[in-house]
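Colleague: I'd like to learn how to read domains and strand pairing in a model. Could you walk me through this one?

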Amino acid sequence: MATNAQLFERAQQVIPGGVNSPVRAFRAVGGTPRFITRAEGAYLHDAEGRRYIDYIGSWGPMILGHGHPAVVDAVQRAVREGFSFGAPTEREIELAEAILALVPSMEQVRLVSSGTEAAMSAIRLARGATGRPKLIKFEGCYHGHADALLVKAGSGLATFGHPTSAGVPPEAVQHTLVLEYNNLDQLEAAFAEHGAQLACVMIEPIAGNMNFVRASVPFMTRLRELCTRHGALLVFDEVMTGFRVGLQGAQGLYGRLIPGFRPDLSVFGKVIGGGMPLAAFGGPRAIMEHLSPTGPVYQAGTLSGNPVATACGLATLREISRPGFFDALSARTRSLVEGLQGAAREAGIALAVDCEGGMFGFFLAHELPQNYGQVMATDKEAFNRFFHGMLDRGVYLAPALYEAGFVSAAHTAEDIAATIDAARAAFAS
Ligand SMILES: Cc1ncc(COP(=O)(O)O)c(C=O)c1O
């Protein structure tokens, strides 16, 4: 039987860095990535036969846990009918109808295969529909790896950004403004200077790519007002939060806190595919009809609306729509973060925690950070020690301090208690 280290060595010969997505390589925390052989419920099993309680859930999709019987059954039936047709199916309509029934800000939705593709397409649509070139994103938010989004803040307030990746020419990001999350002054200044040229503002409403940071209600309220006043589209990237923080996603939460609130466009992924490659973007009919074939904004995909992925997504949505699903998931997630906080307190360690639905964050800090700079100022060495302390005790947390965590419906009270025991031991060591 090959060890994780042997598999990692072999993987690095044939796959850059040994992984097909960089965070899997454990570079932020050091050590050897675990090679997973199988998963069931709340557990992952690695190549060395060790079992872990999984708080990554494939980075969000596995909200029901691994191998939920209803989902497995739906996928197996779909596979028998065919893998891919490249022609429309009734199941695509059913999934679109199911998504639209839950997300009132959208009248139409287009299915694609990844969150990157959905975010990139939403931006092209925003630009095509408004006839404007510029966009705002926020530092610490991740919207996939389309060129225009691989950008960090410029040197001054409301200046355009610089590429964060080799291979992205400066011209590709010349229309992308990067602002600090939750910073109202920067937002006002950016709109004052560029408002008439702005196609859209893209935001993770609860940012899961800088651990777990909520956009404040005053910030979101003002962002909505400014977008409306200047004719820029507000694009909610709910790839992570959609069907995860609640059945209506983060927009459901902000809609309850801000009267009349809704985004113009929304981007989804992860949970809507239930673990298969599926994502989506949508909005009002008048905007969506700018898309090809009804409109001039081109967008397409060989595997878009794939019949197996749509079966997986539909079965997942059906399960999470059951009455009480999110109440139970939220209670479980809250018991986890409160338990972690209690374990830290016993060890005399400050731990700030937050959660919503089945998504959570924790920071080795006295207060919850409000932006990327504050997240990155938390104690990285202590986080890395804690991460490895937990992994050694059979708890698989995200291998970087800037990633959110996920609880599934398969996590039992016993799993949470075992996790808190592990945390107590890890904090004490
Ligand atoms: C908020 C957000 N948007 C977009 C993406 C990109 O999605 P994908 O990895 O499916 O391309 C991610 C991925 O983690 C994400 O968290």
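Modeller: Strands here are DSSP E runs of at least two residues, helices are H or I runs of at least four, and both are numbered from the N terminus. Bear in mind that this is a predicted model, where local features need pLDDT of at least 70, side-chain atom pairs count only at pLDDT 80 or more, and totals for chains, interfaces and linings use all residues. Residues are numbered from 1 along each chain as its sequence is written.

Colleague: In which sense do β3 and β17 pair?

Modeller: Two strands pair if DSSP finds at least two bridges between them. β3 and β17 (residues 395–396) run parallel, over two bridges.

Colleague: And how does β2 pair with β3?

Modeller: β2 (residues 43–46) and β3 (residues 51–54) are antiparallel, with three bridges. His45 sits opposite Arg51 in β3. Four residues separate β2 and β3 in a hairpin, and Gly49 in its turn has a positive phi of about 85°.

Colleague: What are the bounds of the domains?

Modeller: Bounds come from an automatic or database domain assignment. Here, domain 1 is 4–67 + 323–428, and domain 2 is 69–320. Their centres, taken over C-alpha atoms, are 25 Å apart.

Colleague: How many residues are in contact between the domains?

Modeller: Contact means C-beta atoms, placed from the backbone, within 7 Å. By that rule, 27 residues of domain 1 touch 30 of domain 2. On the domain 1 side, β16 gives the largest share, four residues.

How values were computed
Contact = placed C-beta atoms within 7 Å.
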